[in-house]
Amino acid sequence: MEVDAVMYWDGGWAWMAFMPLLWIALICLAVWAVIRLTHSSSAGASGRGHGWEGQQHRETPEEILDRRYASGEIDTDTYTEARERLAAHRQRPQ
């Protein structure tokens, strides 16, 4: 009877070393899938049914300027000057 038990455990150490790696891979796959699904559903929610899936919102120069001012990258004088230049550029006939 003892011989049968040894046959079942033959190669058992290899499986014991492999199982933690398998679980780590499965957990990583699950985390990746959740991140992928939540990111794609939030990015395409506004454009569903309109053929806008996968398109990214492109910031306008004014939005970039507002974001940089809000984050403190530029000061008030630079912001005001850049806003005036953008407004003058928009008013010119093309």
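**Close-up 1. The structure holds 1 aromatic pair.** Here we zoom in on Tyr-69 and Tyr-79, whose rings are stacked, with 4.3 Å from centre to centre and 20° between the planes. Tyr-69 sits in helix α3 and Tyr-79 in helix α4, so the pair ties together parts that are 10 residues apart in sequence. Keep in mind that this is a predicted model. How covered are the two rings' residues? Tyr-79 counts as buried because its relative accessible area is 18%, and the cut-off for buried is under 20%. Tyr-69, at 34%, is partly exposed.

**Close-up 2. Glu-62 and Arg-90 join their side chains in a salt bridge.** The N to O distance is 3.0 Å, and the two side chains also show up as a polar contact of 3.0 Å. Glu-62 belongs to helix α3 (residues 61–71) and Arg-90 to helix α4 (residues 76–91), so this pair, 28 residues apart, links distant parts of the chain. Is Glu-62 buried or exposed? With a relative accessible area of 17%, Glu-62 is buried, since buried means under 20%. Arg-90, on the other hand, is partly exposed at 49% relative accessibility; the cut-off for exposed is over 50%.

**Close-up 3. A look around Glu-62, a residue of helix α3.** Which residues does Glu-62 touch once its neighbours within four places in sequence are left aside? The contacts are Arg-83, Leu-86 and Arg-90. Arg-90 is the salt-bridge partner from the previous view, while Arg-83 turns up again in the next one, paired with Asp-66.

**Close-up 4. Arg-83 and Asp-66 form a salt bridge through their side chains.** The N to O distance is 3.1 Å. With Arg-83 in helix α4 and Asp-66 in helix α3, the pair ties together parts of the chain that are 17 residues apart in sequence. Arg-83 has a relative accessibility of 28% and counts as partly exposed. Asp-66 is partly exposed too, with a relative accessible area of 29%.

**Close-up 5. Arg-68 and Glu-73 make a salt bridge.** Their closest N and O atoms are 3.1 Å apart. Arg-68 counts as partly exposed, at 33% relative accessibility. How many salt bridges does a search of the whole structure find? The total is 5, and the pairs shown in these views include Glu-62 with Arg-90, Arg-83 with Asp-66 and Arg-68 with Glu-73.

**Close-up 6. Stepping back to the chain, we find 4 helices and 0 strands.** Going along the sequence, the pattern reads α-α-α-α. Of the 94 residues in the chain, 9% are buried. The chain exposes about 8,700 Å², and carbon and sulfur atoms supply 63% of that area.

**Close-up 7. Where is the predictor's confidence lowest, and where is it highest?** Among the helices, α1 (residues 2–9) comes out lowest, with a mean pLDDT of 53, and α3 highest, at 93. The chain as a whole averages a pLDDT of 79, with 70% of the residues scoring at least 70.

Notes. Residues are numbered from 1 along each chain as its sequence is written. This is a predicted model: local features need pLDDT of at least 70, side-chain atom pairs count only at pLDDT 80 or more; totals for chains, interfaces and linings use all residues. Side-chain values use heavy atoms; hydrogens and water are left out. A salt bridge is a side-chain nitrogen of Lys or Arg within 4 Å of a carboxyl oxygen of Asp or Glu. Helices (H or I, at least four residues) and strands (E, at least two) are DSSP runs, numbered from the N terminus. Buried means under 20% relative accessible area, exposed over 50%, partly exposed in between (1.4 Å probe, protein chains only). Accessible areas come from the Shrake-Rupley method with a 1.4 Å probe; for residues, only the protein chains shown count as cover. pLDDT is the predictor's confidence in each residue, from 0 to 100. A polar contact is a pair of N or O atoms within 3.5 Å; within protein, one must be able to donate a hydrogen and the other to accept it, and residues adjacent in sequence count only if both atoms are side-chain atoms. Contact means heavy atoms within 4.5 Å. Rings of Phe, Tyr and Trp (its six-membered ring) pair if their centres lie within 6.5 Å; planes under 30 degrees apart count as stacked, over 60 as edge-to-face and the rest as tilted.
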